[in-house]
Amino acid sequence: MKNRQRQKDTLFSILIFCSAFAVNLLIQKLFTTQTLVPMIFVFGVFLISLKTHGYCYGITSAIVSVFAVNFAFTYPYYVFDFFVGESILSAVIMLAVAVSTSTLNSRIRDQEKLRAESEKERMRGNLLRAISHDLRTPLASIEGADSLLLEQPDLSEAERRTLLEQIRQETRWLTRITENMLSVTRMAGEQVSLHRTDEVVEEIVDSAVMKLRRSRHALPVTVIRPQEILTAPMDATLMEQVLLNLLENAALHGGRVKNITLTARRRNDKAELRVEDDGVGLDSHGLENVFDGMRTRAEQTSSDRRNMGIGLTVCRTIVNAHGGQITAANRPQGGASFCITLPLAEIEEGEHDE
């Protein structure tokens, strides 16, 4: 990645320098004055220092520009003469511009890194709060059911089966929470390694819908398929988890949801996946933080409203790692809508890490 960045910075520096040199040659032919020559090179040095990383490119371009001005645009032409006061002054000015611009650029990048770290810490805090809430509810339910089984030996067979079924369902919830936690841990590492291959989007959609239909929270899901075979580079397991999280979120937290619609289609050079429901929708005051581990459904009083925050956080983490985007909105006719866009072409590693 660093070598690729160096190559980009080098090519950019060469391009800007050659452009400045060509513009000055044109000015030399069109006008008799040479006063614009140093200004154009100074502007070129400024652009190079602004857009490249580190001090090397700016300082090198300043030195090369001084040589170019002295050799091609200062009388006697095409002869080096560094005893001219103008050349010394140009060198000082260009070096000052390069150093000051590079310093400012470095400070801006450092501030952006600090801001990104601060955002990560805020997300970690929200995620920990969501995890603590999601773990507390099923654990308390399991403990209560287990206590009844141990302390009430005269329970009927039907009551015992009900309690055992409750323990099994809560255990499954803990398994899903653990899977989401592991996904967040994997995707939050410094070195994110995705096993991306060209997958048929329709197959990922069908697999996620099938898993939802096998759960006790199953709701009717209408699948709108693309008109053509749509493939995109992705980690099939992780993207299936994203869709399953969104489907379960609609089924469990949507509020009066009767039908879920999952649409897959191509939009320009991206694959679009949209999960919509006909429930109560999202809390409009919390849309900005819907993927930060906080619950934002308009109705939150049900005892079964769990795993919404961490599940949506996992969705955003996985989608971002694929170079895509995920957004949430309320539908005009009622209900919530989650839209995922994924690039149809492979993205180079690090290209989407802003």
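Contact is defined here as heavy atoms within 4.5 Å. The structure is a predicted model, in which local features need pLDDT of at least 70 and side-chain atom pairs count only at pLDDT 80 or more, while totals for chains, interfaces and linings use all residues. Residues are numbered from 1 along each chain as its sequence is written, and side-chain values use heavy atoms, with hydrogens and water left out.

Helix 6 (residues 201-214) comprises 14 residues and reaches 21 Å from its first C-alpha to its last, close to the expected 20 Å (1.5 Å times one less than the number of residues). Helices (H or I, at least four residues) and strands (E, at least two) are DSSP runs, numbered from the N terminus. Buried denotes under 20% relative accessible area, exposed over 50%, and partly exposed in between (1.4 Å probe, protein chains only). In helix 6, V201, I204, V205, A208, V209 and L212 are buried. These residues lie on the same side of helix 6 because they cover an arc of only 130° around the axis, taken from the directions from the helix axis to the C-beta atoms. The face turned away from this buried side carries the exposed E203 and R214. Elements covering the buried residues include strand 2 (221-224), helix 7 (236-253) and strand 4 (260-267).

Seven salt bridges were counted, each requiring a side-chain nitrogen of Lys or Arg within 4 Å of a carboxyl oxygen of Asp or Glu. One of them joins K211 and E240 (2.5 Å, N to O). This pair links distant parts of the chain, K211 in helix 6 and E240 in helix 7, 29 residues apart. K211 is partly exposed at 37%, whereas E240 is buried at 13%.
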